[in-house]
Amino acid sequence: MSKNITQLTEATSFLDTDLFYAGIDPGGSPLDRKVTSLNIQRYLPMGQNAITGLKLSNNGSDANNDIDIAVGRVVAGTGDYNLILTSALTKQLDATWAVGTNQGGLDTGSKANSTWYHVWVIGRVDTHVVDVLFSTSATAPTMPTNYTKKRRIGAVKTNSSGNLLAFVQYDDTFLWASPPALDIDGTLAATRANYNLVSVPGGVSVEAIFNLYWVGGGTRSVYFSNPSFTDVAPSTTATPLGQTATITSNPDTATIRQMTDTSQNISARGSGAATTFRIAVLGWVDPRGKW
C-alpha cells in the first residue's frame, strides 16, 4: 500500500520499496513515481554545512593533469537539491569537459601555467547525472548544457610548467605536499600594508596557514589581520598585542593562521620596521560554501 511522503521524515530506513510521491521537482517536471532511496536523498534537506566525502587528490597515473574525486554528497548552492556522486571520478584538467570518469574537466579555454582552478560538483535535475568541473571562476563556472546545479568543493593549482601541484586534503584543510617558493620575501613597515599570498586560492576568502620568519630592529611585535578589518597598531603591552614578537634584534619564527580577502591578501604591520620579513605558505582552510 502507498504511504504518504510525510511519513518519510520519521522513518529510520529508506528500504521500503512501496513508496510513492507527487509534486514538482526543481527542474519543473511533474513527479509521480515510485520512490527509490537515491531519489529520496536527492531532495531531503542536508543543511548547507554538510559535505560528505568528495575528497580531492592528485591522480596516481597522470598527476600532472588529473584529479581524483571520491564518492560523496553535498547540497547544491541553491539549497534545494543534493548532489550525490555515487562513483569516484577522475577528471582531466588538460581537456575540455565531457561527462564521465577519465574525461575532460575544464569548463572553457586551455590549461594555463601558474593558475588556480576551482573544483565544482555539478548536476542536472532531469537525469540526475552528477559530474565534476574545473573553472578559473570561484563563483560562476561555465556550465555544460542542461547542468543547472553546482557547488564548489575546493581548488587546485598548476605550477609554472602547467603541472598540477601536489596536495593533501583533510576535510576543509588543504596542505601542500611540498610547500612552494616563498610568497613573501621582503621587509615589514610600521604602517599597515597588504601582502599577496599566491599559494592560496583567490576568489574566495580562506584561512591561510603559513610559516613566518622575521627580524626586527628591537623589541617589536607583528599584527596580522584581514584587509577588511580595522587598522590597529600592534603592541607588546596593549591590545591587540601581536601574533609574534622579537626581543632586541633577534629573529623570530611562528606558524600563523590568518583569513585572506578574496584577492589572496592579508594585512600586516609591525610595532616598528622589520628588516627581514618572509612568509612560506603551508596550506589553507577552505569553507567550500559553508559560509
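Here is a short chat about reading a predicted protein model.

Visitor: Where do I start? What helices and strands are there in the protein chain?

Guide: Start with the overall make-up. This predicted model has one helix and 22 strands in its protein chain.

Visitor: And what share of the residues is buried?

Guide: Out of 291 residues, 45% are buried.

Visitor: How do contacts link parts of the chain that lie apart in sequence?

Guide: Take the contacts between residues at least 6 apart in sequence: 63% of them join residues at least 24 apart.

Visitor: Let's look at a sheet. In what order do the strands of the open sheet come?

Guide: Read across it and you get β16-β21-β18-β19, four strands with antiparallel pairing.

Visitor: Which strands stand at the edges, and why is one side of each left without a neighbour?

Guide: Those are β16 (193-196) and β19 (244-246). Each has a single partner strand, so one of its sides has no neighbour in the sheet. On average, neighbouring strands here are turned by 30° against each other, direction ignored.

Visitor: How many bridges join β18 to β19?

Guide: Three, and the two strands run antiparallel. Strand β18 covers residues 220-225.

Visitor: Now a single residue. Is glutamate 207 buried, partly exposed or exposed?

Guide: Here you go by relative accessible area: under 20% counts as buried and over 50% as exposed. Glutamate 207 has 21%, so it is partly exposed. You'll find this residue in strand β17, which spans residues 207-216.

Visitor: Which residues does glutamate 207 touch?

Guide: Leaving out residues up to four places away in sequence, glutamate 207 touches Arg257, Gln258, Met259, Gly283, Trp284 and Val285. With arginine 257 there is also a polar contact, side chain to side chain, at 3.3 Å. You can compare sequence and space too: asparagine 226 is 19 residues from glutamate 207 in sequence, and their C-alpha atoms are 9.9 Å apart.

Visitor: Where is the place of glycine 109?

Guide: Look in the loop between β9 (103-106) and β10 (116-123). Glycine 109 has a relative accessible area of 53%, so it counts as exposed. Threonine 96 lies 13 residues from glycine 109 along the chain, with 7.7 Å between their C-alpha atoms.

Notes
Residues are numbered from 1 along each chain as its sequence is written. This is a predicted model: local features need pLDDT of at least 70, side-chain atom pairs count only at pLDDT 80 or more; totals for chains, interfaces and linings use all residues. Side-chain values use heavy atoms; hydrogens and water are left out. Two strands pair if DSSP finds at least two bridges between them. Axes are lines fitted to C-alpha atoms, for helices over the stretch in contact, and angles run from 0 to 180 degrees between N-to-C directions. Buried means under 20% relative accessible area, exposed over 50%, partly exposed in between (1.4 Å probe, protein chains only). Contact means heavy atoms within 4.5 Å. A polar contact is a pair of N or O atoms within 3.5 Å; within protein, one must be able to donate a hydrogen and the other to accept it, and residues adjacent in sequence count only if both atoms are side-chain atoms.
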